[in-house]
Amino acid sequence: MYYISALILLLSVGASFGQTTHATPSHQQIYAATDIAFKHIDRNNDGIIQERELEQAFIHADANHDGRISEKEYEMGGSNHAFRQMVFLEMDNDGDGFVDESTLLGQYSIMNTNNDLIVSRAEFDKFYTALIENALQHHGYLLG
Ligand SMILES: [Ca+2]
Ligand SMILES: [Ca+2]
Ligand SMILES: [Ca+2]
């Protein structure tokens, strides 16, 4: 259930892109968004994402406690729905309308490239920047 960071990312990303609608975010904006997301998840401010922090983020996002994140739950975090929808679609890799625990777990493993049970800032940034760029590539039309 770790990787709910995606969730949080959603929240944070939408917020940071704010009202710049109808514009494809620049690399700088994507980086700024991942920066906000990281700080949001790293509750103990040690510069590392621990499993527990991701679990907390997931639990927080899973409003109805069914163990998966629906698009509606994902979008509850704020404005810029087009962007959130785009990222959600990218994360819902099996297209069933939910980002579930196994997806998040898998993403956490991917992020943690050196398998040391922590996700560093660099690992986090790399993963999310790629995720957003893939989302733009696959679903960027949603931004209008
Ligand atoms: Ca931390
Ligand atoms: Ca849920
Ligand atoms: Ca899914």
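Confidence in this predicted model averages a pLDDT of 78 over the protein. A value of 70 or more is reached by 81% of the residues. Among the elements, strand β2 (residues 68–70) has the highest mean pLDDT, at 92. Helix α1 (residues 5–17) has the lowest, at 49. Over residues 1–8 the pLDDT is below 50. Even so, beyond near neighbours in sequence, this stretch has 42 contacts in the model.

The secondary structure comprises 7 helices and 4 strands. Along the sequence, these elements follow the order α-α-β-α-β-α-α-β-α-β-α. The protein has 144 residues, and buried residues make up 38% of them.

The largest nonpolar core holds 28 residues. Within this core, I41, L54, V87, F124, Y128 and I132 touch the most other members. Two or more residues come from each of α2 (27–41), α3, α5, α6 (101–111) and α7. Helix α7 gives the most, with 6 residues. In soluble globular proteins, nonpolar side chains tend to be buried together. I132 shows how one core member is placed. Leaving out residues up to four places away in sequence, I132 touches I30 and V87.

I132 and V87 also take part in the contact between helices α5 and α7. Helix α5 spans residues 81–91, and helix α7 spans residues 121–139. Their axes lie 9 Å apart. The two helices pack at an angle of about 100°. Angles of 65 to 115 degrees count as roughly perpendicular, so α5 and α7 are roughly perpendicular to each other. On the α5 side, the contact is made by M86, V87, L89 and E90. On the α7 side, the contributors are L131, I132, N134, A135, H138 and H139. By residue class, the contact divides into 6 nonpolar, 3 polar and 1 charged.

Residue E53 was considered next. E53 sits in helix α3 (residues 51–61). There are 21 other C-beta atoms within 10 Å of E53. A residue counts as buried at 20 or more such atoms, so E53 is buried. Apart from residues up to four places away in sequence, E53 touches I41, D42 and R43. E53 and D42 are 11 residues apart along the chain, and their C-alpha atoms are separated by 6.5 Å. One of these partners, I41, is also among the core residues that touch the most other members.

Backbone geometry picks out two loop residues. Most residues other than glycine have a negative phi. N45 is not a glycine, yet has a positive phi of about 55°. N45 lies in the loop between α2 and β1 (48–49). H65 likewise has a positive phi, near 55°, and is a residue other than glycine. H65 is placed in the loop between α3 and β2.

Notes:
Residues are numbered from 1 along each chain as its sequence is written. Chains are lettered from A and ligands numbered from 1 in the order in which they are written. This is a predicted model: local features need pLDDT of at least 70, side-chain atom pairs count only at pLDDT 80 or more; totals for chains, interfaces and linings use all residues. Axes are lines fitted to C-alpha atoms, for helices over the stretch in contact, and angles run from 0 to 180 degrees between N-to-C directions. Angles under 35 degrees count as roughly parallel, over 145 as roughly antiparallel, 65 to 115 as roughly perpendicular and the rest as oblique. Two residues are in contact if their C-beta atoms, placed from the backbone, lie within 7 Å. Ala, Val, Leu, Ile, Met, Phe, Trp, Tyr, Cys and Pro count as nonpolar, Asp, Glu, Lys and Arg as charged, and the others, Gly among them, as polar. A residue is buried if 20 or more other C-beta atoms lie within 10 Å of its own, exposed if 12 or fewer, and partly exposed in between; C-beta atoms are placed from the backbone. pLDDT is the predictor's confidence in each residue, from 0 to 100. A nonpolar core is a set of buried Ala, Val, Leu, Ile, Met, Phe, Trp, Tyr and Cys residues joined through C-beta atoms within 7 Å.
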